[in-house]
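Take a look at the chain below and turn it around before reading on. The report then goes through its parts one by one.

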Amino acid sequence: YIKGADDESQWMRQESRRLLMVLVGVIVDQCQGRMVIWDYACIDAYEKDDLCNTPIQELVPEVSLRLSAHLGRCFEDGRIAEGELYKMDSHVTALFSAWCNAIKIINTPMPFPYAQLLNLYLVIFVYSLPMALVHWFRYITPLLAGLVAILLFGIQACGVETEDPFGEDFNDFDMPAIEMLIYADTMRLGRFMDPCLRNPCTHSRYPEMKYEDTLKKRKGRVQRLCDRLWELE
């Protein structure tokens with residue numbers, strides 16, 4: 001926690017949250033294959049030009065370095081202790097490592113010939129299996145063959161769905177909801193720990209969205225989790 005109740009400390013806390021949301025937003029964009037950093041509400045025109053001129057693969061390291069450098073300046077000004085600096089920096093490093101692992105999954109697709117052979121062998125096995133079972137099971141062979149086919153094709157469908165789990169398909173991770181949850185948590189902690197900040201910064205994607213508006217944006221399990229967190233305030 002960045003100490004102090006003066007304007008400089010307030011700006012440092014606001015800047016920390018802003019850089020965190022920019023970092024999370026860039027990670028979500030890259031995981032979902034889009035880059036709309038010019039639409040971020042919490043970046044000024046000069047910073048937008050600077051980041052837009054940065055290669056896409058270097059955006060997350062660049063924003064991570066800016067956040068770490070900002071925490072380093074807070075430490076030099078005596079706003080945070082050395083142990084707190086190491087803890088904050090370790091969280092930034094963990095977020096960067098999570099992005100690296102996600103990009104590794106995205107950029108390592110299954111080879112197309114392997115997928116072709118897998119589907120071919122699967123079809124051959126499913127259609128030839130009843131011939132091997134009919135001698136022993138007679139009239140219930142269609143039932144057994146159908147169950148095996150459903151099982152094998154279901155496993156294959158699961159593999160296809162998990163090949164790229166960070167997109168926008170129905171079974172993919174809901175990355176915008178996770179981003180919204182991080183935003184809501186930072187605002188909740190900011191209000192709980194910093195009474196000086198009653199007007200939190202806007203979300204990086206939605207210029208007019210405040211802390212209260214996140215209640216209308218979340219659905220399902222993420223909303224139930226956030227509601228449970230807000231009840232602790």
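## An enclosed helix

Of the 25 residues of α1, 19 are buried, so this helix is largely enclosed by the rest of the structure. Keep in mind that the model is predicted. Helix α1 covers residues 7–31. From its first C-alpha to its last it reaches 36 Å, close to the 36 Å expected at 1.5 Å a residue. After α1 comes Gly33. The phi of Gly33 is positive, near 75°.

An α-helix has 3.6 residues a turn, so residues three or four places apart point the same way. Are Arg18 and Glu15 buried or exposed? Both of them are buried.

## The chain as a whole

How many helices and strands does the protein chain have? The count is eight helices and zero strands. Read from the N terminus, the order of elements is α-α-α-α-α-α-α-α.

The protein chain has 233 residues, and 36% of them are buried. Its accessible surface is about 14500 Å². Carbon and sulfur atoms account for 63% of that surface. Now consider contacts between residues at least 6 apart in sequence. Of these, 63% join residues at least 24 apart.

## Salt bridges

Side chains of opposite charge can pair when their charged atoms come close. The structure has three salt bridges, counting a side-chain nitrogen of Lys or Arg within 4 Å of a carboxyl oxygen of Asp or Glu.

Arg66 forms a salt bridge with Asp50, at 2.4 Å from N to O. This pair links distant parts of the chain. Arg66 sits in helix α3 (residues 59–76), while Asp50 sits in helix α2 (residues 45–52). They are 16 residues apart. Asp50 has a relative accessible area of 33%, so it is partly exposed. Arg66 also forms a salt bridge with Glu62. Here the closest N and O atoms are 2.9 Å apart. Both residues lie in helix α3, four residues apart, which is about one turn of the helix. Glu62 is partly exposed too, because its relative accessible area of 26% falls between the 20% and 50% limits. Together, Asp50, Glu62 and Arg66 are linked in a network of salt bridges.

How many disulfides does the structure hold? The number is zero. Cys31 has a relative accessible area of 5%, so it is buried. Cys100 comes to 29%, so it counts as partly exposed.

## A nonpolar patch

Some nonpolar side chains lie on the surface. Which residues form the nonpolar patch? They are Trp136, Phe137, Ile140, Leu143 and Leu147. Together they have about 560 Å² of accessible area. Two elements, α5 (112–137) and α6 (141–161), each give two or more residues to this patch.

Leu143 is one of the patch residues, and its place is in helix α6. Why does Leu143 count as exposed? Its relative accessible area is 55%, and exposed means over 50%.

## Two more stops

Tyr86 lies in helix α4 (residues 82–106). Its relative accessibility is 54%, so Tyr86 counts as exposed. Tyr86 and Gly72 are 14 residues apart in sequence. In space, their C-alpha atoms are 9.8 Å apart.

Where is Met110? Met110 is in the loop between α4 and α5. With a relative accessible area of 38%, Met110 is partly exposed. Leaving out residues up to four places away in sequence, Met110 touches Ala115 and Glu163. Gly159 is 49 residues from Met110 along the chain. The C-alpha atoms of Met110 and Gly159 are separated by 9.9 Å.

Definitions and conventions: Residues are numbered from 1 along each chain as its sequence is written. This is a predicted model: local features need pLDDT of at least 70, side-chain atom pairs count only at pLDDT 80 or more; totals for chains, interfaces and linings use all residues. Side-chain values use heavy atoms; hydrogens and water are left out. Patches are made of residues with over 30% relative accessible area and no salt bridge: like charges are joined within 9 Å, nonpolar side chains (Val, Leu, Ile, Met, Phe, Trp, Tyr) within 5 Å. Accessible areas come from the Shrake-Rupley method with a 1.4 Å probe; for residues, only the protein chains shown count as cover. Buried means under 20% relative accessible area, exposed over 50%, partly exposed in between (1.4 Å probe, protein chains only). Contact means heavy atoms within 4.5 Å. The expected span of a helix is 1.5 Å times one less than its number of residues. A disulfide is a pair of cysteine sulfur atoms within 2.5 Å.
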